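Please keep the sequence and the model open while I talk.

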Amino acid sequence: MKNKKRVYVGLSADILHEGHINILKIANSYGDVIVGLLTDEAIASYKNIPHLDFKRRKIILQNIKFVKKVIPQETLDYVKNLNLIKPHYVVHGDDWKTGVQKKTRSRVIKTLKKWSGKLIEPKYTKNISSSLIKSKILQIGTLPQNRVSRLKRLLSSKKIVRILESHNSLTGLIIENLKVTKKNIGLEFDGMWSSSLTDSATKGKPDNSSVDFSSRISSLNDMMDVTTKPLVFDADNGGQIEHLSFLIRSLERAGVSAIIMEDKVGLKKNSLFKNQSDTKQDKAETFAKKIKKICKSRQSNDFLVIARIESFIVGKGINDALKRAEIYSKAGADAILIHSKEKTPHEIFSFAKKFKKSKNFVPLVSVPSTYSKVYEKDLIKNGFKIVIYANQLLRAAYPAMQNAAKTILEKSRAFEIDKKIIPIKDIINLIKND
Ligand code: SPV
Ligand code: MG
């Protein structure tokens with residue numbers, strides 16, 4: 001027993017299937033299997049966070065008879081753990097010879113050479129993969145309570161959580177499914193923003209709370225029907241404090257992960273309007289009561305309350321914003337959205353620099369609509385944990401639709417626009433019916 005060889009297997013093991021069991025069984029035939037289980041952060045560094053968190057995945061693996069020990073693997077790269085364990089063998093399915101993991105594989109081979117270790121690559125089990133199972137999960141949807149906690153989990157495992165505006169089911173599906181590979185890293189949006197601006201505009205109404213909450217919730221329920229990613233709800237100023245607990249109940253029941261509430265009073269006006277002379281900011285203490293009310297009425301602490309500070313929007317300075325951040329954070333806000341309509345992120349970065357030093361610091365949220373040149377890496381550097389791209393999908397769709405309508409009118413037929421829009425067969429096949 002003592003002289004058994006050490007066999008290392010790196011796994012995410014989020015959705016365990018027979019392909020994994022096959023690998024573990026083969027690994028076990030070479031010696032004692034040590035699983036390097038990728039942490040949530042390691043997985044989030046190259047794809048979406050796992051369905052099950054690290055603790056749960058570890059329990060499952062520890063109870064598989066082919067596994068001797070489970071240790072965390074903190075990066076996608078194996079080298080640190082390999083140097084630690086110096087395994088005689090590493091076992092991995094042969095599917096990593098190409099694609100995202102190609103480089104990881106060659107580093108494994110190079111490291112193993114140092115002590116004449118060997119890489120064993122069993123044939124990949126066909127017709128089964130975690131991605132396939134994940135797409136099946138998407139088809140049956142997700143339970144609200146599972147979805148609510150996803151934003152909190154993303155916050156603790158991602159450098160920045162990337163949210164995009166969604167105003168209907170189709171935009172929800174784009175956010176759900178779109179993946180881009182850049183420098184071997186899979187990029188995708190982490191969740192949806194139910195924007196008061198774009199939800200209202202889609203309904204042909206101004207962004208002044210004329211679309212009431214029941215209508216807003218009905219729109220988001222449509223998106224929830226066909227997606228699994230978390231949704232952040234733009235609640236304007238939250239309405240009357242006496243009604244807040246009912247709103248929170250509806251949002252949690254729908255599976256919403258966070259509410260963002262702005263500290264304004266009176267008839268609502270969109271923050272990006274140039275003239276804000278008739279916009280009134282709420283008293284910080286009054287607004288703090290609303291935050292407390294949400295914290296008290298929410299069923300679960302996984303449902304986050306994010307306070308949005310409008311000091312810069314109404315022309316007040318950094319000191320007012322900082323004072324409010326302290327008060328809102330003490331009242332229980334899980335994060336602060338510091339809003340700005342400047343062309344550069346200068347004022348929000350100055351705010352972040354000072355707020356970071358506070359003992360009441362909470363993660364920061366940015367909405368780079370006017371300062372859209374800012375890169376995510378600079379937001380991260382300045383202490384921002386969530387970025388909300390608040391209106392881009394509607395801004396893309398509207399001119400495209402208007403142009404199609406105009407072309408048909410001008411040409412008195414549809415032929416000319418046909419070349420610029422997707423074929424009918426693509427739109428028929430866009431939504432699968434199985
Ligand atoms: C929204 O998208 O509705 C927002 C962000 O609240 S802003 O338009 O900048 O006010
Ligand atoms: Mg809004």
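**A walk through the model**

Leu322 is buried, with a relative accessible area of 15%, where buried means under 20% relative accessible area, exposed means over 50%, and partly exposed covers what is in between, with a 1.4 Å probe and protein chains only. Before I go further, a word on conventions: this is a predicted model, in which local features need pLDDT of at least 70 and side-chain atom pairs count only at pLDDT 80 or more, while totals for chains, interfaces and linings use all residues. Residues are numbered from 1 along each chain as its sequence is written, chains are lettered from A and ligands numbered from 1 in the order in which they are written, and side-chain values use heavy atoms, with hydrogens and water left out.

Back to Leu322, which lies in helix 14; helices here are DSSP runs of H or I with at least four residues, strands are runs of E with at least two, and both are numbered from the N terminus. If we leave aside neighbours within four places in sequence, Leu322 is in contact with Phe351, Lys354 and Phe355, contact meaning heavy atoms within 4.5 Å. As for Ser311, its C-alpha atom is separated from that of Leu322 by 9.2 Å, and the two residues are 11 apart along the chain.

As a reminder, an α-helix has 3.6 residues a turn, so residues three or four places apart point the same way.

The next residue is Ile160, found in the loop between helix 8 (150-157) and strand 6 (161-165). Ile160 counts as buried, at 7% relative accessibility, and, not counting residues up to four places away in sequence, it touches Asp190, Glu376, Leu379, Ile380, Phe384, Lys385, Ile386 and Val387. For Ile160 and Ile386 the separation along the chain is 226 residues, whereas their C-alpha atoms are separated by 5.4 Å.

Ser219, in helix 11 (residues 213-226), is likewise buried, with a relative accessible area of 8%. Its contacts, leaving aside neighbours within four places in sequence, are Asp199 and Lys203. Ser219 and Arg395 are 176 residues apart in sequence and 18 Å apart in space, C-alpha to C-alpha.

Strand 1, residues 6-11, is mostly covered, with 5 of its 6 residues buried. Strand 1 pairs with strand 2 (residues 32-38) in the parallel sense over 6 bridges, and two strands are said to pair if DSSP finds at least two bridges between them. Within that pairing, Arg6 stands opposite Asp32 in strand 2. Strand 1 also runs parallel to strand 4 (residues 89-91), to which 2 bridges join it, and there Tyr8 has Val90 as its bridge partner.

How is the β-α-β unit made of strand 1, helix 1 (residues 18-28) and strand 2 handed? It is right-handed, in the sense that, with the strands pointing away from the viewer, the path from the first strand over the helix to the second runs clockwise.

Two backbone details deserve a look in your viewer. Most residues other than glycine have a negative phi. Ala13, however, in the loop between strand 1 and helix 1, has a positive phi near 50 degrees, and this residue is buried, with a relative accessible area of 6%. Ser116, in the loop between helix 5 (102-113) and strand 5 (118-120), has a positive phi of about 60 degrees, but Ser116 is exposed, at a relative accessible area of 65%.

Finally, the overall picture. The protein has 434 residues, of which 49% count as buried, and its secondary structure comes to 19 helices and 17 strands. The C-alpha atoms fill a box of roughly 80 × 65 × 40 Å, taken along the principal axes. Among contacts with a separation of 6 or more, 74% are accounted for by residues 24 or more positions apart.
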